Amino acid sequence: MERKIENFKALTAEYAEILDNARAIMNKTCRVCRVCNGMNCPGKGTTTLEFGGKGCNAAFQNNYRALSRIRISTTVIHEDFVPDTSIELFGRTLQLPVFASPIAAILTAYQLDSPYFNNNEKYAAALIKGCYDGGGMAWLGDMIVPGYYEGQVATIKDVEGVGVPTIKPWEVLDEVFRRIRIAKEVGAMAIATDLDSPGLGYQSANQVTVKYRSMEELKEVIDEATANGLPIVVKGILSPKDAEKCRDLGAYGVLISNHGGNTIEHSVSPAEVVEDVRKAVGPDYKVFVDGAVRSGEDVFKLIALGADGAGIGRPYVVSVYGGGAHGAEIYTRKILWELQNIMRQTDSHNLKEITRDKIQIYSY
């Protein structure tokens, strides 16, 4: 795999145009702020799940603050090199340890003038292709709407299976199993299940039948995925104890996440528990994390804490609305450049050399 350093000036100029396009389209529901930190999106008056988080939006904002308290120490006297950002996941070699976190849909009372608004298949196809072309991958959402899941995952087959469908914890296990079989049919390299979904306010408001999983039920889901040749990641984990349960039940890994701040108004932030989860599950178990990740430097911080990979949510929605598949690709390449840049500044030749001693955490 050829490695090179991107032209960051050209990338940022093109990305700025994508943001301008998105800003014109999404202004009623998202201001496309220069910094996506949750400070300007609560209180829209339609639904707490527009682009902000639950309640007063504190969890979303705290996710951003938790990452901002982590500072990076540099080492700049060394030979020049091109960092190797590749990683082995799900039996594949991927260029970048970054993925688009699953977002099922933009929930808004407004109409958005975009071919991607309420067009699940078109949006998902653009996201999947853009992430793949940029060296990353897309993790995809799930809803109860008939045909939604099928449309979301359909084009995974066009990118050599580099995509991860997320399946909600539907009350009827046969519905979960049906979705697992669909993921296998499109050649997905893995699946995920977001066990914190019952905490989403709109789920109960619409009488969507998701439920919390017992150990026995989760074991059934993991066994079904395994029988279909699909590694499974459990999403929505915020405690070392839950991570240990997932490991012991045979899940491939966990995704530390508070659903972008949408399930608990004052939850702990994912970045705050990465180290404890890593200590609990051991050095070889797969640990992913999302929550206000906005740059390659944020990815670096999380890897230094012990994560294998990082997910990014809202900015990918903005990138697709502003530039389609190309928008998602440009954003992914921007993250790649930022990660390579900080790896060079810290003398980290590969991801394994991104170690805890290269960051410091401040409490203020």
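The questions and answers below cover the pockets and cavities of this predicted model.

Q: What is the volume of the largest pocket, and which residues lie nearest its centre?
A: Let's start with the open spaces. The largest pocket has 32 lining residues, and Cys33, Arg34, Val35, Cys36 and Arg294 are the ones nearest its centre. Its volume comes to about 720 Å³.

Q: Which helix gives the largest share of the lining of the largest pocket?
A: Four helices each contribute at least two residues to this lining: α1 (8-26), α2 (58-68), α10 (296-305) and α11 (314-345). The largest share is six residues, and the helix that supplies it is α11.

Q: How many charged residues does the lining of the largest pocket have?
A: Sorting this lining by class gives 17 nonpolar and six polar residues. The charged residues in the lining of the largest pocket number nine.

Q: Which element gives the largest share of the lining of the second largest pocket?
A: The second largest pocket holds about 560 Å³ of space, and 22 residues line it, with Ile303, Ala307, Asp308, Leu351 and Lys352 nearest its centre. Two or more lining residues come from each of β2 (87-89), α9 (270-281) and α10. The largest share, three residues, belongs to α10.

Q: How many polar residues line the second largest pocket?
A: By class, this lining includes nine nonpolar and nine charged residues. The polar residues in the lining of the second largest pocket number four.

Q: How much space lies in the largest cavity?
A: The largest cavity is lined by 34 residues, and Pro102, Ile103, Ala104, His259 and Asn262 lie nearest its centre. Both β11 (309-312) and α11 give two or more residues to this lining. The space in the largest cavity is about 510 Å³.

Q: How many nonpolar residues are in the lining of the largest cavity?
A: This lining has 11 polar and eight charged residues. The nonpolar residues there number 15.

Q: How many charged residues does the lining of the second largest cavity have?
A: The second largest cavity has a volume of about 50 Å³, and its 13 lining residues include Ser101, Ile103, Tyr123, Leu127 and Trp139, which lie nearest its centre. At least two lining residues come from each of α3 (120-134), β5 (137-140) and α11. By class, the lining has nine nonpolar residues, four polar residues and, for charged residues, none.

Definitions and conventions: Residues are numbered from 1 along each chain as its sequence is written. This is a predicted model: local features need pLDDT of at least 70, side-chain atom pairs count only at pLDDT 80 or more; totals for chains, interfaces and linings use all residues. Side-chain values use heavy atoms; hydrogens and water are left out. On a 1 Å grid over the protein atoms alone, a cavity is a set of points where a 1.4 Å probe fits but cannot get out, and a pocket is an open set with protein on both sides within 12 Å along at least five of seven lines; lining residues have an atom within 4 Å of a point. Grid points are joined across faces, edges and corners, and a volume is the space filled by probe spheres set on the points. Ala, Val, Leu, Ile, Met, Phe, Trp, Tyr, Cys and Pro count as nonpolar, Asp, Glu, Lys and Arg as charged, and the others, Gly among them, as polar.
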